[in-house]
Each structure stands twice: as C-alpha cells, then as structure tokens.
Amino acid sequence: MSYKIAVIGFGLTGRLAALELSMLHQVTVFEAGDEQALDSAGRVAAAMLAPLAESVLCEQDLALMGLDSIARWPAILAQLDDEVFFQQQGTLVVAHQQDKGDLQSFAQRLKPLLGHQAHSLTSTHINELEPELSGRFNQGLYLPCEGQIDNQAFYQASYKTLQARGVSFEFGKTIDINSESIQGAFDYIIDCRGLGAKSVSCKLRGVRGEVARLYAPEVKLTRPIRLMHPRYPIYIAPKPKHEYVIGATEIESQDNGPATVRSTLELLSAAYTVHSGFAEARLLNIQTGLRPAFSDNRPQVSKQGKVISINGLYRHGYLLAPSLVADAVAKIE
Amino acid sequence: MKDCIDDSFNIYGEQINSRLLIGSALYPSPAIMAESIEASGSQIVTVSLRRQQSAAAGDDFWQLIKDTGLKILPNTAGCHSVKEAVTLAQMCREVFATDWIKLELIGDEYNLQPDPFALLEATKILLAEGFKVLPYCTDDLVLCQRLAQAGCEVLMPWGAPIGTGKGLLNQYNLKTIRERLPELTLIVDAGLGLPSHACQALEMGYDAVLLNSAIAGAGCPVTMSCAFKAAVEAGRFGYLAKAMPEKEVAAPSTPTMGMPFWHQNKI
C-alpha cells in the first residue's frame, strides 16, 4: 500500500528515510534550510564508519548496529544516479612514542565484535599499509572492518536521485508537526529534525564539533587514520580528489559559531605531526556542527500516532543511520 | 567510633562530609556521568567553562550538572595566563552563582603542569575580589606556604600530572606539606588512578581527594566510583585510627607460649 509521507528535516537521516520510502510511497520533504541543509551535522561530519574504534566509547549493541549499517551502505549508494565514494579498507590507529599509553588503553577498551578485532602493527606493517607513514610511527593498530563514505557527494547525489523520483520538496519552511495542516495531509510523518526537534524534546542537547577540510596533493594516505593523543585525538579521513577531512573536536556546547583558533590549531597541528605533507595543504574550510544527543548518548527511534521520530545519533550518524532508518521504516504498517 | 561517624572537614567555613570531590569531564555520556557522581557519594562536583564560548551555549550540559544537586566547584581548566583565569573565574561566579573557584593555570602544555608564579599572582587578585580560591598547585612546600600566606584556606597539590593515573609520585613532599600546614584544608588533586592512591592520600592526613579521569576513564565508571568512595572512607578511618608504628623486627601477634616446640621453629 502506498502512503502519503512527510519527511521533516533533510539531513542524513531525512535523506536516508526519503530514499527508502520514495520507492513505495509518495514523499514530501520539509526542510527549514535549503537543499544543502547547512545546519545538519551530517553535512559537516567526516562520515567515518568505525564500529570497532567507537566501541571504546559506546555500548556493544550500538557498535554491532554499526556493523549492520556498514553492510547496508553499498546497497543504499547503488540506488543513487551518481557514484558516491565508499571505502571499507580498515582504519589505522597510531600514536607517537610518548603517547603509547593512550594507544594501549585504546586497545584494551576495544569491545569484541563478532570476531572482528584489532591487529597490532609494527613499523613494517605500517609501512605496508601506509608507506607515507613509515619511519614516523613504530606501533599501531589495524581495524580491518572499518570504512568511510564521501558525505558531500552523498548529500548531492541523494538530492538529485530524489528529485528524479518525483519527491516534492518544501525548503525554507519550519513546520509544526502537530498542526492540522500536516497531520491531516499525511498518513505518516517521519521526524528527522535532529536538534530542530529540541522544542519538543527538551532532553536533546547539541555537542559542538569542528572539522577541517584540506586539499593536500602531497599527502598520499589511502584509508582513515586515527591519532591517539592525550588531549588532541584526531582522525584523518582521505576523500576523493586529494581532499582530507580532519576531525573532530567534541565540546559540550550549543554554540554553532565559527571554529575557534584553539580548535583549529589542535586539529591542524595534530594532523601535521602525522604527515608533514599537510604543511602545504590548502585549507578548504573549517566547519562547525552540532551533534544532536540525548543524555545517554544513545539514538532513539519512536512512534507516536502518525509521527515516527529518529534522533540523538550524536557522533554516530553515518555509522548508525542506515539501521535506525530501517527500524523507523519498519514501523509503517 | 562516634568521631569517625561525625567526621567532616571544611572548605572556607562550609562543613563537608564526603572526602571525594568528583569531576564532570570525559565520561562516555552525561547519563553515565550522573550515575557515577551519585555512586561516589560526593557533595562537590567540578565543572569547566572554558570552551563553551558563551554562558547560554553550555546551558544544557550545565543543567545536567546542576540537576545532580551537588555543590558546584567551577574550574579554570585550560587557562594559560593570569588574565584568562581571572576573567573566567568572574564568568563562573555569574553562571554558577558561587564564589568558589578551583584555580588552574597551565604552565606546561604537554603535561599540564601548573604555573606556580602565575598561580600565586591570580590567587591574590581573586582573593582580593572576594573569591574563595582553591588553587591547583604542584607539591612544592614553598609555593604552598606562599599561597597560604596570600590567604588561601584550601590548597590542592597534585599527586601526579593530570590524567596520568600514576598516584602519589612524591609522598615525601606531600607529607611535608601536610605536616607544615596543619591548619589548612588540603586536597590531593589530579594524577590518581587507583582507589589505593586515594586511600594513601587520606591515610597521610589529607582532608580529601579530587579526581576525574580515574573514574571517567575506567572501564566501568560507576563501579570505579563506588571503589573510590570506599577507598576514601578506608583511608580516613585509617588516619583517624592512628596506625601502629612500623617496625623492622617481626612481633608475632599470637604468643608462642604454649605452642608445641616442634612448631615454634617454623614461625
């Protein structure tokens, strides 16, 4: 049966929900911003798919959900008209000699995930995986199941595909989900507003993150690198066309203003210690996003009447969204 | 035993019963933070304002801390100059409506060692402005004496650099500070990793310990919080009970008289 469905919010979860639902149903997307959804956390993110590394901080069920989501990404991207870069060649975790304690403590806190485990690396192994890091690090970990996608390309391609499918878009509109005009016009309403839903879900909070995007033709890293550091743990995600995303700060603040000098220095100097080729890289932008999170930092999918809500993805948007959207869609009878 | 039960210490005249002060950073989630803080039995929680940009921006997170109902001790973590620390202390006073301030002034970026010179200068400024200053300092006796002369009633020397979990690196220095400044409230702040480290500090006569990473960075923060709660109680009772003197020669606790002679040689 085909329904009339409203998707509210055109960030990562809104896009995934619209892609999934528009195959069967008549979908209208409402977004407070424009088609780029500039305020959405998923646009700023590095789009790492790192269930094993994130298991250090999140509960095991979420890490397992991350594994499930990674398996769903190729099929999601295959339905898009344009190609979107997706990679699953693992992550390399390194630390400088003086910070090896942080690497050890990270290794100890990894949770077992269905037989996926980290491999300890010597300098020879690091040299084989990422030759440009040779000589700089003599110890590390390899997390083989992990990957990443190009989120900017995904944002563009998903919009294009949805347009081609005849999905309607209402940009620049902040709407009241409970109003008669919405409730009366649609069979189901999928609330994907993230922090935009703060007015109705007061338990949501924003966690500020700052991310730098560099153009670095001198750097040839092939997979995401995580640097363990007592204060500036960063990751470097290589994207197509010599672009690198360096992330991310994590600050308990709702401030969505431009990145601070301190955060910029931390991110870029930490990246420079991983590879000196970043010195001559072009700084394309430094963006700030607010991750929507509940107090337990766990996502929630809920249904109340016609409204199905997906929210609180915190720092795990790309890692968890495909599974959560599948859960949400399954609530449509 | 009554003394043990009524036992409390004071921070600028305020009676405090729990000898564990707890931090609010680095937990896996705010929910786990709230649970850990509750399990610790702490009455005082420290909070940092440095990176929130504005008072309104940090509201949601601070509300979670205010919801714990604990007394809030704001800190100046992340400040490198006297001016920064003084300005931040003033902002903290407004946001949290308290004149308590844990004064933290970083001298070395890598191990976050406090800058003793800037610390003393900022302490004097803030005391003159009516703040109740709890300076986070190194375990240097002369620095502690100068801070006390400036008017501090509470000092917080480190056990080890922040976040290292190494415990009490220089017990001689810490003991000397305790002996020489008997009137002051002394709290070991930073560097603890194990419950036994906290226990040692209390056994030594320190009034309390302040810690964050040891709990927040543990595999199970809530359980570790319970462990530290028990450790400070054990350490305090151990101090109050006055330990037996250490001896070089073994003194059997069971009299050997009456024991069969073929067993006596085995003791």
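I started just after α5(B), where B:G130 takes a positive phi of about 90 degrees. Helices here are DSSP runs (H or I, at least four residues), as strands are (E, at least two), numbered from the N terminus. The model is predicted: local features need pLDDT of at least 70, side-chain atom pairs 80 or more, while totals for chains, interfaces and linings use all residues. Residues are numbered from 1 along each chain as its sequence is written, with chains lettered from A and ligands numbered from 1 in the order written.

Next I checked the length of α5(B).

Then I looked at burial. B:A118, B:L119, B:A122, B:T123 and B:L126 of α5(B) are buried (20 or more other C-beta atoms within 10 Å of a residue's own; exposed means 12 or fewer; C-beta atoms are placed from the backbone). They cover an arc of only 135 degrees around the axis, so they sit on the same side of α5(B). The arc is taken from axis-to-C-beta directions. The face turned away carries the exposed B:F117 and B:A128. I found α4, β6, β7 and α6 of chain B among what covers the buried residues.

Last, I took the pair α5(B) and α6(B). Their axes (lines fitted to C-alpha atoms over the stretch in contact) come within 10 Å and cross at roughly 10 degrees. That makes the two helices roughly parallel (under 35 degrees).

Key: Axes fitted to C-alpha atoms, helices over the stretch in contact; angles between N-to-C directions. Parallel < 35°, antiparallel > 145°, perpendicular 65-115°, else oblique. Contact = placed C-beta atoms within 7 Å.
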